[in-house]
Amino acid sequence: PREVVVHPGGVGIALEGEDGKFFFVKQYRYGQGIVMLEYPAGKKEPGEDPLETAKREIVEETGYEGEGFVRLGSLVPTPAYDSEVIELYYAKQGAFRGQHLDQDENINLTRLSLDEITEMVVNGEVTDAKTVAMTFLIREFKNRGKIR
């Protein structure tokens, strides 16, 4: 027998500001027992379209709407025991609408350039799977002209 965590799925969003810096959240992660630096992300509601989840979550966590969403791909973070699939998106910073954090969310925002976050990933300072994957994907999408 196997124990499997059934998960509705989630999204990760790389929101690039007008100055080329990306929005990141710092939050305590109970499973790891530490504060982690991550791209904004969130859980899908049952049956919710992942793009709609991304649009909702980016405003909730950063206060800004996203514009020109581009799907980067999917990530299966823990295939051995969890059904979760995270859909990954890139967007440009849109209008400010104000943060709407969930009651149990305690996050701090920071902004970093793609070079800064890449260096932190390579140095092992950032270990969140979606953030590692998204950083690589964003670099490649930019190199290939799929996002600007």
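Visitor: Why is Lys-142 called partly exposed?

Guide: In this predicted model, Lys-142 has a relative accessibility of 25%, and since the buried class ends under 20% and the exposed class begins over 50%, Lys-142 counts as partly exposed.

Visitor: What makes the contact of Glu-16 and Lys-142 a salt bridge?

Guide: The N to O distance between the side chains of Glu-16 and Lys-142 is 3.1 Å, and because the rule asks for a Lys or Arg nitrogen within 4 Å of a carboxyl oxygen of Asp or Glu, the pair qualifies as a salt bridge. Glu-16 belongs to strand E1 and Lys-142 to helix H3, so the pair ties together parts that lie 126 residues apart in sequence. By the same rule, the count comes to 14 salt bridges.

Visitor: How do you know whether Glu-16 is buried or exposed?

Guide: The relative accessibility of Glu-16 is 7%, and because buried means under 20%, Glu-16 counts as buried.

Visitor: Why are Asp-128 and Lys-130 called buried?

Guide: Asp-128 has a relative accessible area of 12% and Lys-130 has 7%, and because the buried class lies under 20%, Asp-128 is buried and Lys-130 is buried. Their side chains meet in a salt bridge at 3.0 Å, N to O, and salt bridges that share partners join Asp-128 and Lys-130 with Arg-29 and Glu-38 into one network.

Visitor: Which residues of the lining are closest to the centre of the largest pocket?

Guide: The largest pocket has a volume of about 1200 Å³, and of the 37 residues that line it, the closest to its centre are Gln-27, Arg-29, Glu-38, Glu-84 and Lys-130. By class, the lining holds 17 charged, 10 polar and 10 nonpolar residues.

Visitor: What makes Tyr-30 count as exposed?

Guide: The relative accessible area of Tyr-30 is 73%, and because exposed means over 50%, Tyr-30 is exposed. Tyr-30 sits in the loop between strand E2 and strand E3, and together with Tyr-28 and Val-35 makes a nonpolar surface patch of about 400 Å².

Key:
Residues are numbered from 1 along each chain as its sequence is written. This is a predicted model: local features need pLDDT of at least 70, side-chain atom pairs count only at pLDDT 80 or more; totals for chains, interfaces and linings use all residues. Side-chain values use heavy atoms; hydrogens and water are left out. Patches are made of residues with over 30% relative accessible area and no salt bridge: like charges are joined within 9 Å, nonpolar side chains (Val, Leu, Ile, Met, Phe, Trp, Tyr) within 5 Å. Accessible areas come from the Shrake-Rupley method with a 1.4 Å probe; for residues, only the protein chains shown count as cover. Helices (H or I, at least four residues) and strands (E, at least two) are DSSP runs, numbered from the N terminus. Buried means under 20% relative accessible area, exposed over 50%, partly exposed in between (1.4 Å probe, protein chains only). On a 1 Å grid over the protein atoms alone, a cavity is a set of points where a 1.4 Å probe fits but cannot get out, and a pocket is an open set with protein on both sides within 12 Å along at least five of seven lines; lining residues have an atom within 4 Å of a point. Grid points are joined across faces, edges and corners, and a volume is the space filled by probe spheres set on the points. Ala, Val, Leu, Ile, Met, Phe, Trp, Tyr, Cys and Pro count as nonpolar, Asp, Glu, Lys and Arg as charged, and the others, Gly among them, as polar.
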